[in-house]
Amino acid sequence: MACLSPEAIRQYQRDGYFSPIRVLSAAQATGYRERLQGIEKSGRLPAGGLRSKSHLLLTWVDEIVRNREVLDAVEGVIGPDILAWGTSFFIKEPRNASFVSWHQDLTYWGLDPADIVTAWIALSESSSENGAMRVIPGTHTTEVAPHKDTFAENNLLSRGQEISVEVDEAKAVTLELEPGQMSLHHVKLIHGSEPNPSDKRRVGLAIRYIPTYVRQVAGMTDSAMLVRGTDAHRNFHAEERPLADLSDAALAHHARVVGETGRILMRGTGKAM
């Protein structure tokens with residue numbers, strides 16, 4: 001069981017993260033990674049299909065999003081009524097310049113309140129050697145800082161957003177994970193990751209979970225998927241589970257939903273996601 005202990009919950013509340021948590025076996029992680037590789041080789045993925053809401057396209061990502069071990073841990077920090085708002089694969093190829101700049105997740109999401117958690121699940125080894133995530137403990141207790149959009153070519157974030165205040169990197173903690181382990185971090189925690197100079201591909205799936213009372217306050221249509229408990233608030237349009245990988249129905253639903261999400265995330269830039 002991946003239920004968090006009282007001590008683990010206190011650490012999350014104090015530091016803004018908790019890691020590592022075993023949610024998949026090594027064999028399960030390998031199996032999912034192989035399915036990912038098969039999908040990548042198929043040539044059927046829509047552009048950006050792995051970067052935004054892939055759980056609407058792929059049955060096995062939907063399976064991970066609903067994994068009991070994952071949800072047991074998430075429930076410990078946001079409660080029993082849980083929506084999956086987003087999924088993003090963060091993949092760093094070997095000897096690749098891709099990176100994630102220091103940032104806070106909530107910056108452009110338009111969600112309120114900030115009782116939101118990202119579950120980052122390693123499908124491969126994620127280490128200092130191949131560009132594991134780094135966090136600045138305790139920074140979730142402050143307000144969202146100013147960010148600047150860089151749209152840098154190798155930045156894995158949608159706007160290349162980078163925090164505009166000084167980050168004390170001496171305080172950074174590296175969240176190293178074995179395949180099948182997960183970290184949880186608060187939506188306002190400052191975090192980022194370096195490029196991957198190694199020969200090892202780094203594959204992680206970030207799932208954005210929100211309690212059902214959270215609202216979209218950017219004045220735009222938004223959607224999410226109920227994955228545990230009940231939704232008495234109905235603040236989001238209900239998303240549809242894929243019945244088959246990359247089915248016509250799933251592709252159409254994904255395109256419509258991601259179009260709405262893109263307008264939220266890219267508002268004010270004049271750019272598409």
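**Rings, bridges, sheet and pocket**

Trainee: How many aromatic pairs does a search of the whole structure find?

Mentor: Take the rings of Phe, Tyr and Trp (its six-membered ring): they pair if their centres lie within 6.5 Å; planes under 30 degrees apart are stacked, over 60 edge-to-face, the rest tilted. A search of the whole structure gives the number of aromatic pairs: three.

Trainee: What should I know about the model?

Mentor: The model is predicted, so local features need pLDDT of at least 70 and side-chain atom pairs pLDDT 80 or more, while totals for chains, interfaces and linings use all residues. Residues are numbered from 1 along each chain as its sequence is written, and side-chain values use heavy atoms, without hydrogens and water.

Trainee: Which residues form one aromatic cluster?

Mentor: Tyr32 and Trp60 are stacked, at 6.1 Å centre to centre and 25° between the planes. Trp60 and Phe89 are tilted, at 6.1 Å and 55°. The cluster is therefore Tyr32, Trp60 and Phe89.

Trainee: Is Trp60 buried or exposed?

Mentor: Buried means under 20% relative accessible area, exposed over 50%, and partly exposed in between (1.4 Å probe, protein chains only). Tyr32 has 8% and is buried. Trp60 has 1% relative accessibility, so Trp60 counts as buried.

Trainee: How many residues apart in sequence are the parts that Asp245 and Arg35 tie together?

Mentor: Their side chains meet in a salt bridge at 3.8 Å, N to O (a side-chain nitrogen of Lys or Arg within 4 Å of a carboxyl oxygen of Asp or Glu). Asp245 lies in the loop between β15 (237-238) and α5, and Arg35 in helix α2 (residues 26-42), so the distance in sequence is 210 residues.

Trainee: Which residue meets Arg201 in a salt bridge?

Mentor: Look at the loops. Arg201 lies in the loop between β11 and β12, and its partner in the loop between β2 and β3, so the pair ties together parts 108 residues apart in sequence. The N to O distance is 2.8 Å, and the partner is Glu93.

Trainee: How many salt bridges does a search of the whole structure find?

Mentor: Glu125 and Lys200 form one, with the closest N and O atoms 3.3 Å apart. Arg68, Asp72, Glu75 and Arg228 are linked in a network of them. The search of the whole structure finds 18.

Trainee: Which are the edge strands of the open sheet?

Mentor: Four strands form the sheet, in the order β3-β11-β6-β9, with antiparallel pairing (two strands pair if DSSP finds at least two bridges between them). An edge strand pairs on one side only, and these are β3 and β9.

Trainee: Which element gives the most to the lining of the largest pocket?

Mentor: A pocket is an open set of points on a 1 Å grid over the protein atoms alone, where a 1.4 Å probe fits, with protein on both sides within 12 Å along at least five of seven lines; lining residues have an atom within 4 Å of a point. Here 36 residues line the largest pocket, with Arg51, Ser88, Ser158, Arg208 and Leu265 nearest its centre. Among the elements that give two or more residues are β12 (202-211) and α5 (248-265). Five residues come from the element that gives the most, β2.
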